[in-house]
Amino acid sequence: MTEMVGLADVQAARELLAGVTRTTPLEPSRPLSAALGGPVWLKCENVQRAGSYKVRGAYVRISRLSDDERARGVVAASAGNHAQGVALAAGLVGAHATVFMPVNAPLPKVAATKGYGARIELVGNTVDESLIAAQTFAERTGAVFIHPFDHPDVIAGQGTVALEILEQCPDVRTIVTGVGGGGLVSGMAVAAKALRPDVRVIGVQAASAAAFPPSLRAGEPVRLPSFATIADGIAVGRPGELTFTHVRKLVDDVVTVSEEDISRALLMLLERGKQVVEPAGAVGVAALMAGVVEVATPAVAVLSGGNIDPLLMLRVIEHGLAAAGRFLRVTVRCSDRPGQLASLLSEIAEHRANVVDVVHQRANPHLGLGEVEVALSVETRGVEHSDTLISALRASGYQVAFAGEG
């Protein structure tokens, strides 16, 4: 199935979605606008029904099923957002939904999907493995398989995000969005290029789960041998046949960002934008912050989802603080004599850094006789403050190493 989706398909999908999905807000981002030297806006699909844009495509696909197909039920595979979109959409049209999710799917996403009325099957370690199980289930039971990205109805539904952006920001010059299997960026590119051919559409993938760059180089979808990222919502090992065709023909560029870039973006969105966003939903912002692509403003970055596990949020915040130079993990080697630890902590306090925790040990076999090692977690005000603190400690004779160094 390689027939391209057209603008009329996206416009028809919008009519279907009237009264079902909400027109999500477009919020200005002062930090990004200052960094890029022009207006940057955030398209807040993180506050869409079910917490992401996925309900758009899922509803369009399921609402067009025949009465017989609805009676057989639907089945899907997802790490969470598509699962919730399918469960919600199926409930709205009166169809039973079964959703296959990876065994490590975030618990809040599993609970939310159950809350929308779907039956959950935890199978496999990746979405790709769950997809195989869901397709097998469909063949065995007759349930209709709702693909997370590689279907014209799904692509058309996701493309309605771009219709809203073009109305909310008529002078937009660049649209940046995350890419997993490619459904969202494909649909958005269809709408944007039809109505505003001059608008650049940029896709962003996590570097450790980026199947599109090698696929585009090869001229066909290529499967990654392995992949892992905190951005579970876009952790897809192979582009779809249909989405690959759209991306190759319509999307201007696909770039990648690191896990550290994603962490920084999440932290900035939480601190400065007051936005709760999951890692996959923040990769567009990560690309703008990291400067991995040239962007003409006004630009819009899509916050594609907000369904983040609170435990992951805690880890990401800490990681983001560390990546931003505001959270240090260091070990300090010093002499083992009374008052030495107090002197070390006093010097840190003099530089107005805050010690979070301390581990004091003498048993390390690499230590010399009469030496002690102190592992510290320290909050600072940024990279410059951190560098100043480390330099001061070393100038005072302390041997300082960052966590993980030998």
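Arg-352 is found in the loop between helix H15 (340-350) and strand S12 (354-361). Helices (H or I, at least four residues) and strands (E, at least two) are DSSP runs, numbered from the N terminus. Phi of Arg-352 is near 55°, a positive value in a residue other than glycine. The model is predicted: local features need pLDDT of at least 70, side-chain atom pairs count only at pLDDT 80 or more, and totals for chains, interfaces and linings use all residues. Residues are numbered from 1 along each chain as its sequence is written, and side-chain values use heavy atoms, with hydrogens and water left out.

- Most residues other than glycine have a negative phi, and most peptide bonds are trans.
- Arg-352 counts as exposed because its relative accessibility is 67%. Buried means under 20% relative accessible area, exposed over 50%, and partly exposed in between (1.4 Å probe, protein chains only).
- Lys-274 also has a positive phi, about 55°, although it is not a glycine. Lys-274 lies in the loop between helix H12 (259-271) and H13.
- With 65% relative accessibility, Lys-274 counts as exposed.
- The peptide bond from Thr-297 to Pro-298 is cis, and its omega is near 0°. Pro-298 sits in the loop between helix H13 (283-290) and strand S10 (299-303).

**Helix H16 and its surroundings**

- H16 spans residues 383-395, which gives it 13 residues. From first C-alpha to last it reaches 18 Å, close to the 18 Å expected at 1.5 Å a residue. The expected span is 1.5 Å times one less than the number of residues.
- Which residues of H16 are buried? They are His-385, Ser-386, Leu-389, Ile-390, Ala-392 and Leu-393.
- Exposed residues Glu-384 and Ala-395 are carried on the face of H16 turned away from its buried side.
- The buried residues of H16 pack against strand S11 (327-335), H15, strand S13 (371-379) and strand S14 (399-402). Contact means heavy atoms within 4.5 Å.
- Gly-397 follows H16 and has a positive phi, near 100°.

**Segment after S14**

- Ala-403 lies in the segment after S14. Ala-403 is partly exposed, with a relative accessible area of 48%.
- Ala-403 touches Arg-329 and Val-330, not counting residues up to four places away in sequence.
- Ala-403 and Ala-133 are 270 residues apart along the chain, and their C-alpha atoms are separated by 41 Å.

**Helix H12**

- H12 has 13 residues and reaches 18 Å from first C-alpha to last, close to the 18 Å expected at 1.5 Å a residue.
- Its buried residues are Asp-261, Ile-262, Ser-263, Ala-265, Leu-266, Leu-267, Met-268 and Leu-269.

**Helix pairs**

- Two packed helices are described by the angle between their axes and the distance between the axes. Axes are lines fitted to C-alpha atoms, for helices over the stretch in contact, and angles run from 0 to 180 degrees between N-to-C directions.
- The axes of H1 (residues 7-17) and H8 (residues 152-168) come within 8 Å and cross at roughly 90°. H1 is therefore roughly perpendicular to H8. Angles under 35 degrees count as roughly parallel, over 145 as roughly antiparallel, 65 to 115 as roughly perpendicular and the rest as oblique.
- On the H1 side, Leu-7, Asp-9, Val-10, Gln-11, Ala-13, Arg-14 and Leu-17 meet Ala-156, Gly-157, Gly-159, Thr-160, Leu-163, Glu-164 and Glu-167 in H8.
- By class, this contact of H1 with H8 has six nonpolar, four polar and four charged residues. Ala, Val, Leu, Ile, Met, Phe, Trp, Tyr, Cys and Pro count as nonpolar, Asp, Glu, Lys and Arg as charged, and the others, Gly among them, as polar.
- H5 (residues 81-93) and H6 (residues 107-115) pack at an angle of about 10°, with their axes 8 Å apart. H5 is therefore roughly parallel to H6.
- Asn-81, Ala-83, Gln-84 and Ala-87 in H5 meet Lys-109, Ala-112 and Thr-113 in H6.

**Val-10 in H1**

- Val-10 lies in helix H1. At 0% relative accessibility, Val-10 counts as buried.
- Val-10 touches residues including Val-5, Gly-187, Val-190 and Ala-191, not counting residues up to four places away in sequence.
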